[in-house]
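Reader: Before I rely on any of the labels used for this protein, I would like each one set against the criterion behind it. Could you go through them with me?

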Amino acid sequence: MTNNARFANGVDEQGAADISDLQWPENPSEIPDWVYTDQRIYDLEQQRIFRGRTWNYVALEVELPKPGDYIRSYLGDTPIIVARDEAGEVHAFENRCAHRGAEFCKTYRGSAKQFVCPYHQWTYDLSGELVSVPFRRGVKGRGGMPADFKLGEHSLRKLSVTCRHGVVFASACEDMEPFEDYLGPDMLDQFDTVFDGRPLKLLGVHRNTMPGNWKLYQENLKDPYHATLLHTYLTTFGLFVAGNKTMIMTDPKGRHSTLCNARPQGRPENDQSKTEIRSFHAAMELADPRVIQLIPEKDSPWTSNAITLWPNLVLLRQTNILGARHIVPMGPNQFMLIWTTFGFADDDTDMEDHRLRQNNIFGPGGFIGIDDNEAIKFVQDGLLHSVPRHGVAPLGQDEEDSDVVITDRAIRSMYRHYREEMGL
Amino acid sequence: MQPALTSPVKGKLDRALARELRFAVEEFNFDYAEVLDRGEIESWPDFFTDDGVYRLIARDNADYDLPLSLMSCEGKGMLKDRAYAIAHTEMFAPRYTMHIISQIRVTDFEDQIITAQANYAILETLIDEPTRLLQCGKYYDKFLMQGDSLLIKERRCIYDTVLVPTCIVFPP
């Protein structure tokens, strides 16, 4: 095998472990514990999903505005670099020296003319091409690289890259369909609700580890049932209440989804559904309601869009918060979440301050962010510490109107697609 | 990584006064830690002036001049809303937290405002799990001194522990 400058196409990779002992349950609403805990399944996911036929979120263009700008990122669990070259083109390549394997880029973001691995100073350009190695001819005509050594065969492993409205996606596949086809027209419309093509302004990035399987986070955003129950903050202030106008939509393959909600004016005192919700705190009043104030800014019937793009992106537009959450798997029982928060370049100071204030709701210290992160830890704790059994996602029906709220439809459709992609 | 925002001690501050002020800041920080470590989150806003500002900021965001905070309260109202949410609406596993505060430095004193810094570490303990480091960071403070009592006018907590373990429930 040569020191290939591409990843093998994930679906063709060799060496998959024997998983014949793992049987998916007959009942389509059951999900077996081992999808969340088995190392063999995790490894296969990296091959077939993250390095397979998928467009993976890796960056926002606003994070690399100028030629030479770069950030560290991930494709699945593989560290990569996303960089903009002198001509302005965005590239993504592995953060692993082709020589001895060093993960050479150790800064979150920066600007460079080229990347130099500190170990032996192999030097790569902004597209990941190897441009020089020291002592290529050795010293005094002795040692050095073999005569047939070709720089071009030892570049960093490159990924296909596509950008839409300032968002960068990468794929290990060379022949991926256009991003627009990957999303389909309805999901593309949702995507454009968050990213309408206006230039963005980066507000900041938060990172946290999560002691849970990465798919639990996809599920979490495909699960309107929990949103109306776990999150007192949402229910009390009407940001997401079961009685609100709602739409849940998946793409034809069932892998992407959106969960839209239209918030009524004022508090949901008269909502019939709130009697079912223990978390509703009728007595709760905000001393400073600016945090939940809605400043109209988009021509959308919805006040929140929770969009999951397979396999690693959650896009959240809630009131005036805009954010991209990048799911980075770190083994079957852990993942990292990178929350990139932004506004628009033409926001005035008041609007930017408002978005920053409102961001108290999300992130690993957010009024709602804390609930979800804790709930996911609770689930993984249960899966790891108990005798395995199947979880169930039985609510609603697979064929139902898109405004049914209390449903697991989007979770089931994700696993239908997952089984197909994984060959399970 | 860049050096964090350091402000050198200004020469004009009298040494004896600086010592006295440092002792006052230390006492204040110890009371603050005690209240939080006892879990009395609804008393937390009492440490601030009515227009007090609290921000919890990841060090890399600070280094790159990105304005996002992990927690951000502008004034007593937002401080109380944060405290109320923690006490009554957020879902999280019970936990012990322990602050360790050291390296207190007073860098300026003008118009009854003390400018000070301190290092902090927070250890967190969950049921049936070994104690872990939740945060280490630095307080960048402005205290209003009234008589011999202090109140926070601004506290920026800039944390080195950028990769947050699961979540941060209580404000550092």
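**Sheet, helix and core**

Author: In this predicted model, an open sheet of 8 strands runs in the order 13(A)-14(A)-15(A)-16(A)-17(A)-18(A)-12(A)-7(B), and its pairing is mixed.

Reader: What makes strand 13 of chain A and strand 7 of chain B edge strands?

Author: Strand 13 (245–250) of chain A and strand 7 (163–165) of chain B each pair on one side only. From one strand to the next, the twist averages 15°.

Reader: How do you know that strand 12 and strand 18 of chain A pair?

Author: Two strands pair if there are at least two bridges between them. Strand 12 (residues 200–210) and strand 18 (residues 335–344) of chain A have 10 bridges, in the antiparallel sense, so by that criterion they count as paired. Within this pairing, V205(A) stands opposite T340(A).

Reader: How do you know that the length of helix 3 of chain B agrees with its number of residues?

Author: At 1.5 Å a residue, the 14 residues of helix 3 (residues 76–89) of chain B should span 20 Å, and because the end C-alpha atoms are 19 Å apart, the two values agree. Its buried residues include M78(B), L79(B) and I86(B), and what covers the buried residues includes helix 7 (349–358) and helix 8 (369–385) of chain A.

Reader: Which residues touch the most other members of the largest nonpolar core?

Author: Of its 127 residues, these are Y217(A), I361(A), Y32(B), W44(B) and Y54(B). Helix 1 (residues 15–37) of chain B gives the largest share, 9 residues. Apart from this core lies another of 19 residues, among them Y70(A) and F149(A).

Key:
Residues are numbered from 1 along each chain as its sequence is written. Chains are lettered from A and ligands numbered from 1 in the order in which they are written. This is a predicted model: local features need pLDDT of at least 70, side-chain atom pairs count only at pLDDT 80 or more; totals for chains, interfaces and linings use all residues. Side-chain values use heavy atoms; hydrogens and water are left out. Helices (H or I, at least four residues) and strands (E, at least two) are DSSP runs, numbered from the N terminus. Axes are lines fitted to C-alpha atoms, for helices over the stretch in contact, and angles run from 0 to 180 degrees between N-to-C directions. The expected span of a helix is 1.5 Å times one less than its number of residues. Buried means under 20% relative accessible area, exposed over 50%, partly exposed in between (1.4 Å probe, protein chains only). Contact means heavy atoms within 4.5 Å. A nonpolar core is a set of buried Ala, Val, Leu, Ile, Met, Phe, Trp, Tyr and Cys residues joined through side-chain atoms within 4.5 Å.
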